[in-house]
Amino acid sequence: MSEQLRYDGQVVVVTGAGGGLGKAYALFYASRGASVVVNDLGGSFTGEGNSAKPRPHYPGISGMNPGPLPPAADVVVDEIKAAGGKAVSNYDSVEFGDKIIDTAIQSFGRVDVVINNAGILRDTSFKNLKDQDWDLIMRVHVYGAYKVARAAWPHFRKQKYGRVINTASAAGLYGNFGQTNYSAAKLALVGFTETLAKEGFKYNILCNVIAPIAASRLTSTVFPPELLEALKPEFVVPVVGVLTHKSNTGDTGGIYEVGGGFAAKLRWQRAEGLLLKPDASYTASAIIKNWDKVVDFSSNSTFPAEPNNFIELSERSAQLPPSEQGEKIDYTGKVVLITGAGAGIGRAYALAFAKAGASLVINDLVNPDDVVNEIKKAGGKAVGVKASAEDGDVVVQAAIDAFGRIDVVVNNAGILRDKAFTNMDDSLWNPVFNVHLRGTYKVTKAAWPHFLKQKYGRVINTTSTSGIYGNFGQANYSAAKCGILGFSRALAIEGAKYNINVNTIAPNAGTAMTKAVFTPEMLESFKPDYIAPLILALCSDVCPDPTGGLYEVGSGWAGKTRWQQAGGHGFPVDVPLTPEEVVKNWKAITDFEDGRAENPERTTDSFGKIMGNLENKAGSSKAASAAPANEYLAAIDEALKTEGAPTPFTYEERDTLLYNIGVGAKATELDYVFEGAENFQLLPTYGVIPAMTADVGFSFDKIVPNFNPMTLLHGEQYLEVRKFPLPTSANLVSRGRLLEAVDKGKAAVVKTAITTTLAETGEEVFYNEMTVFLRGAGGFDGQKQPADRGAATAANVPPKRAPDHVHEEYVHPDQAAIYRLSGDYNPLHVDPAFAKMGGFKKPILHGLCSFGIAGKAIYDKFGPIKNIKVRFAGTVDPGQTIITEMWKEGNKVIFTSKVKETGKPSIAGAAAELVSADKSKI
């Protein structure tokens, strides 16, 4: 066993240490030799009250009501002292960080480690969020972390040693409904940490940030008791222990997701992006035409810790030919509000929107009038409003007064107050936060009711590469800018159902703020004119990725940036976790190159891994990290030889009616909805229904490692119809088997085959192949590529011509509730609470319902189907419209489906082979 990590002679300050995770930190460090300052203001998870609360009263029992309980900090201190440790209490709010650090100095003479753990919640939907809810969250989480770290910083520099842990959350990393304030604050701490890491490294001050999931006062109202038990804080503490130990001399600026025995590092991933010539042909239309390149991570993506090389990009883009144009982007009739639009980037945005036909509201604290006059002189419409972005109500009201509506908000206003952190004070910190983060909140908050009422809105928020990656001398700016990104991501989730799209950009251009940073020659190459086209593209109604994105842009280049999560490591949850064990597995926690890295986009993506590890018990297959790969190969080999038990299935005419209606049959289509019709029939895509309950003869956890049902995605479906005409009632038997298990390195693809026959005669009726994608379940040395099985695996690329037929199908709000009556009772499609747990704003339509709708459209147009294959590419919400485009190529109909309202695909790589080349119903 490795030597125990200890902290003898060191002093650790833990904020919010009266319970939960903070208490666990305090007890851990004390048990390992540190002297601990236990800070806790006390109170509820909403920040109300304090920890000196009345004792329970026991009527009639003398001496059982002696007065208030001691403060929570004192209880923890007493526990530490009883175990032989050293600790003192501190009861100050984190806003008074200097007093907290002074407690450490007065009591123990030094400070070595700061754990910024204190936090509260003020959750509510954005439309109901009040300023006090916003301000209190910022004051505790962000301002409090700044004040404590700032007070400790001179001591760290003087002794050339310090360790800082700041606390983010999955809500900050990915956004979460009802937590715009909390998401903003938590991601602000990521930007803050990255800058502190850069400034502190030369002084041996290492700073990291964790996104923990652990039982605490904050989670006690969110998770059920049995889950809280599994998410013990003791699974978070050892990772922090490793990061804050003196043996860590290089890991700094890191972001770690931790909880439930699982730990993994995060980093940024930047797409190669789209590079076009920065001239008059660099337009929103040209960007939309080449949008796939903006979001393409498939090759030449990078993992940066700093901005892109815009000098090189500018030189390369200048050599390119003019850009081809796509669909015209028109803003006629739209009202666009831009803050900080009196000069620089904001002015460039305003002129571009005006040229595209929009009416402009020019907000600037100094001089909006010059830009207003410039727009009017060119024949456009504009009004100015001279006000701070913090006066969001005033700014938005100007739009309503002038034009009667507001459609687009571009939050661009900003200031700089740069200073090394050792010299940072409130006069520098607060103005930057007020203008950037609070100003963005206030303007958007004022516009939100109008967006909700008209069920339309577009928001562009402005972060910075300093926020994303951190930058020396910009702790305030980095925190504010990264906070804007967290705010945007949560807001995008809330706005999506109302057609309110929210995106975030990190621009690189010459402005009033950057004149002090770049030379004049560089500024010329960084014209803000080459930022504006991306803004117009993102705010348009034809952007293929309409909401929730982060984009870096400048010098004719634009690229999306996203998280990448290392494969991580899961520790057994029935064995106490120690820092020493974490050290042994540190490579797995931080390794992005072993083929297991993923790109989480939602809290559920992250939470799924943690939940999946809760079954990891000592001695189980999950705990045996060195389990031989041939164990899975042997199970696969056995499963390939094994057929599942025959599974009976009976359907009647009533079931035929239910299914047909469930995939869109109308009351006027009597052949589908009236059992007495002369040609009453069952739609062929019903063939997937009997297959759903078939026994396939194997268990997923036997054939692939790390199986977790929460990471299972239904990828493709192939159906053959082997009997014509289909009976409208029948007794069937299905037999399933494993077809293949493909090892994709960081994931597995498992294909099953199900044959369905008539019970009485054995005549084959349907044959299905179902393909599922299992994230994190690869690496078992299995088959690397799927077999080619003709129609079942064909790529089905649409021809480069207009489709031969286009069908639109409105999905009724009750469609999912009706379809599930055919046998798919997954609550994801009907229960809003369950859908929210899955990361969806509301219940979504079954993928196989979309399959059935598309299949019906093909059947109605071209006749009987011999087989049909689809790849599920996206979700559909009840209340949206599915557009199915079809190309007839001989006996084959290639098709795609997309959501009309968003433009996003729902079905791709799809085709149906017809029974006959001519349409003739059987």
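Which residue does the side chain of Lys723 meet in a salt bridge, and what is the N to O distance?

A: The partner is Glu763: its side chain and that of Lys723 meet in a salt bridge at 3.4 Å, N to O. The two residues sit in loops, Lys723 in the one between β20 and β21 (730–743) and Glu763 in the one between β22 (747–758) and β23 (764–775), so the pair links parts that are 40 residues apart in sequence. A salt bridge here is a side-chain nitrogen of Lys or Arg within 4 Å of a carboxyl oxygen of Asp or Glu. Helices (H or I, at least four residues) and strands (E, at least two) are DSSP runs, numbered from the N terminus.

This is a predicted model, in which local features need pLDDT of at least 70 and side-chain atom pairs pLDDT 80 or more, while totals for chains, interfaces and linings use all residues. Residues are numbered from 1 along each chain as its sequence is written, and side-chain values use heavy atoms, without hydrogens and water.

The two partners differ in cover. Lys723 counts as buried, with 18% relative accessibility, whereas Glu763 is partly exposed at 35%. (Buried means under 20% relative accessible area, exposed over 50%, partly exposed in between, with a 1.4 Å probe and protein chains only.)

Another such pair is formed by Arg722 and Glu720, whose side chains meet in a salt bridge at 2.8 Å, N to O. Arg722 is partly exposed at 33% relative accessible area, and Glu720 is buried at 19%.

Now consider the setting. The protein chain is divided into domain 1 (11–56 + 69–260), domain 2 (331–565), domain 3 (630–779) and domain 4 (794–921), with bounds from an automatic or database domain assignment. The centres of domain 3 and domain 4, taken over C-alpha atoms, are 17 Å apart. Where these two meet, domain 3 gives 26 residues to the contact and domain 4 gives 27; contact means heavy atoms within 4.5 Å.

Charged pairs occur at this interface too. The rule finds three salt bridges across the interface of domain 3 and domain 4. Lys869 also pairs with Glu716 in a salt bridge, their closest N and O atoms lying 3.8 Å apart. On the side of domain 3 that touches domain 4, the elements giving two or more residues are α24 (653–662), α26 (688–691) and β20 (712–721). The largest share of that side, eight residues, comes from β20.

Elsewhere in the model, the same rule applies. It brings the count to 34 salt bridges. In one of them, the closest N and O atoms of Glu374 and Arg347 are 2.7 Å apart. Glu374 lies in helix α13 (residues 369–377) and Arg347 in helix α12 (residues 344–355), so this pair ties together parts 27 residues apart in sequence. Both ends can be checked for cover: Glu374 is partly exposed at 31% relative accessibility, and Arg347 is partly exposed at 32%.

For contrast, take a well-covered element. Helix α19 (residues 532–539) is mostly covered, with eight of its eight residues buried. Among these buried residues are Pro533, Leu534, Ile535 and Cys539.
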